[in-house]
Amino acid sequence: MALKLAKPEPPMAPPPEDSRGRNPELEERLRWFPPNTHITIRGLDKAFGDTTIYEGFDLNIPRGKITSVFGPNGCGKSTLINMISGLIPYDGGEILFDGKSLSETHISYVFQNYREALFPWMRAIDNIHYPLKLMGVPAAERKRRVDALIESFDVPIDFNAYPYQLSGGQMQTICIMRALVVDPEVLFLDEPFSALDYEMTLLMRDRLQKIFQERGTTMMMVSHNLEDAVWLADHILLLTRKPTRIADMVAFEADRPRTATTVSDPEFVRVQKHCLEIFLKEASVR
Amino acid sequence: MNAIERSIQSAKPLWGVLGLLAVWWLVWKIKVADPVLLPSPQATMFSLWSGMTDGSLWHDFVATVRLTTVSFLLAAVIAIPLGIFLGSSVPLYRSVEFIIDFFRSTPASALFPLFLVLFGTGDLSKILVTAFGAGLVILFNVAYGVMNARQTRLLAAKVMGANKLQTLRDVMFWESLPQTFIGLRNGISLALVIVIVAEMFIGSTEGLGHRLVEAQMLFRMPEMYAAIFAAGALGYGLNWSSVMIEKRIVHWGGK
Ligand SMILES: Nc1ncnc2c1ncn2[C@@H]1O[C@H](COP(=O)(O)OP(=O)(O)OP(=O)(O)O)[C@@H](O)[C@H]1O
Ligand SMILES: [Mg+2]
């Protein structure tokens, strides 16, 4: 049922209605461009061998928002963001970014395993410069952008050190900075805090929120920690066991900047509890 | 720890050497072995010293160093790019793996006659047969280094928009360096072995191998022992230098 579409134009002036007041063209466009949607996923299929993970999976990722992905172990959270970000292929269906394909879109990805994601033969600063080099940005402009990012992150790191001379939290900070320096349209993060201690996690999610508030980058983050997932998110995408479906898409609308005390906010507590209930229902053995 | 203790600590490797010399001297002194076959340590050291200073041993030493270095560099210059190229495609490497493993397992000395027929008895034959043997060892290690590159790093480069060539140059090459250096270290040791054997058997007029055979035929035992020690020192020195160079370049290794 995956229908191959020519890339539809974004909706502009409403096209003429037909005799019954319906407008198939507009409906088709709205199917691909629901208002405020950045990434549209339609009819996505993915199987590993005989195991079906996704079948006819539809999803809208909102624009300029942080969407957390939460679900049982092995339900396909990483698989989902890896397919969207082009790290692994999918068997069927379509994924569009504002109607554009992945190759026409600037995305960045933060890996869980920062130790293996950084290039240890380059200094931290050169790791951050590298994606800009790939894009052919001239040296002076590169330096300007990297300096501005370092300023805005405001973390005490020796950027001339090699990655293996830094702590885990500092390495993951470098990874996040490397991902942000290109000013991506979408930022994907797969369990970015899972190898960090609690203090570093608080600092990192605060910095991410700060950048998000400055730039409004669409972000999609997988998290194993419900508190992190809710704290950062505008929406929490809850997934079921395999074959994976959407269990719920929960909104969390607390004002930003959120602080350490947000976690005791009644609305936060309510949303977290709601997510936990759905998670327990979905994760329990059927 | 005071200065004296520290110098005793750092002199530890010397103890073994002194012990060996003492045993050797004792064996020579009580004449367990025929003194013609086993000269005294003093006579051997003197032969080593005089051979190095009067230029005869030194000349052969330099000749061997030259052949080994030239062959090794030739091997490295060809094997490293080729290894990266082959390793970057697993199916490609699998298709040539048997040939590489086969010739890697073939003793280089078994190829001497072939290279002699093809390239004559000059240095060219020795250089080529040595480069062939050492090159295969380097090639195999480089290709494995590339094939075992960390998946996350390759994905990171891909998602940052690196094309195939940039990934090869900026990631795979560096990822394979630790394994490449293992290949280079094995390669240079093997190169020295092949060069010395080649100097023994492929009509040579110089080199440590040639000197060893000549000393043996003329029964000049101190000279022969001196040449053995010179060869040992050369092998040790080459290995030590490659470890030092590796530490400088692959500074992230094992971290
Ligand atoms: N390359 C692969 N080959 C075969 N099966 C795979 C592969 N990658 C993932 N899977 C399977 O697909 C399912 C989803 O994997 P995925 O890594 O996306 O889960 P996840 O939700 O991210 O899990 P986790 O909570 O452990 O991070 C798992 O059951 C996993 O075993
Ligand atoms: Mg995962």
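**A walk through a predicted two-chain model**

A:Thr240 sits in the loop that connects β8 (235-239) with β9 (246-251) in chain A. With a relative accessible area of 1%, A:Thr240 is buried. A polar atom of the A:Thr240 side chain lies 2.9 Å from the backbone nitrogen of A:Arg245.

The loop between β8 and β9 of chain A also holds A:Pro243. The peptide bond that leads from A:Lys242 to A:Pro243 is cis, and its omega is near -10°. A further cis bond joins A:Arg256 to A:Pro257, with omega near 0°. A:Pro257 belongs to the loop between β9 and α9 (266-283) of chain A.

A:Glu191 has a phi near 45°, which is positive although the residue is not glycine. A:Glu191 lies in the loop between β6 (186-190) and α7 (198-215) of chain A, and its relative accessible area of 10% makes it buried. In chain B, the phi of B:Phe219 is likewise positive, at about 55°, and this residue is not a glycine either. B:Phe219 is located in the loop between α10 (208-217) and α11 of chain B.

For A:Ser78, an N or O atom of the side chain is 2.7 Å from an oxygen atom of the ligand. For A:Lys242, a polar side-chain atom is 2.7 Å from an oxygen atom of the ligand.

How many disulfides does the structure contain? A search over all chains finds 0. A:Cys275 is in no disulfide either, the nearest cysteine sulfur being that of A:Cys75. A:Cys75 is buried at 1% relative accessibility, and A:Cys275 is buried at 0%.

The discussion now turns to empty space. Rolling a probe the size of a water molecule over the atoms shows where such space is left. The largest pocket has a volume of about 470 Å³. Its lining consists of 23 residues, and those nearest its centre are A:Ile107, B:Lys158, B:Val159, B:Met160 and B:Gly161. Two or more lining residues come from each of β5 (107-110), α4 (124-134) and α6 (168-180) of chain A, and from α8 (151-159) of chain B. By class, this lining comprises 13 nonpolar, 7 polar and 3 charged residues.

The second largest pocket has a volume of about 300 Å³. It is lined by 13 residues, of which B:Phe72, B:Leu73, B:Ile188, B:Ser242 and B:Ile245 are closest to its centre. The elements α4 (56-87), α9 (164-201) and α11 (221-249) of chain B each give two or more residues to this lining. The lining of the second largest pocket has 10 nonpolar and 3 polar residues, with no charged ones.

Technical notes:
Residues numbered from 1 in each chain as written. Chains lettered and ligands numbered in written order. Predicted model: local features only at pLDDT ≥ 70, side-chain atom pairs only at ≥ 80, totals over all residues. Heavy atoms only, no water. Disulfide = S-S within 2.5 Å. Buried < 20%, exposed > 50% of the residue type's maximum accessible area, 1.4 Å probe, protein only. 1 Å grid on protein atoms, 1.4 Å probe; cavity = no way out; pocket = protein on both sides within 12 Å on 5 of 7 lines; lining within 4 Å. Points joined across faces, edges and corners; volume = space filled by probe spheres on them. Helix = DSSP H or I, 4+ residues; strand = E, 2+ residues; numbered from the N terminus. Nonpolar A, V, L, I, M, F, W, Y, C, P; charged D, E, K, R; others polar. Polar contact = N/O pair within 3.5 Å; in protein donor to acceptor, adjacent residues only side chain to side chain.
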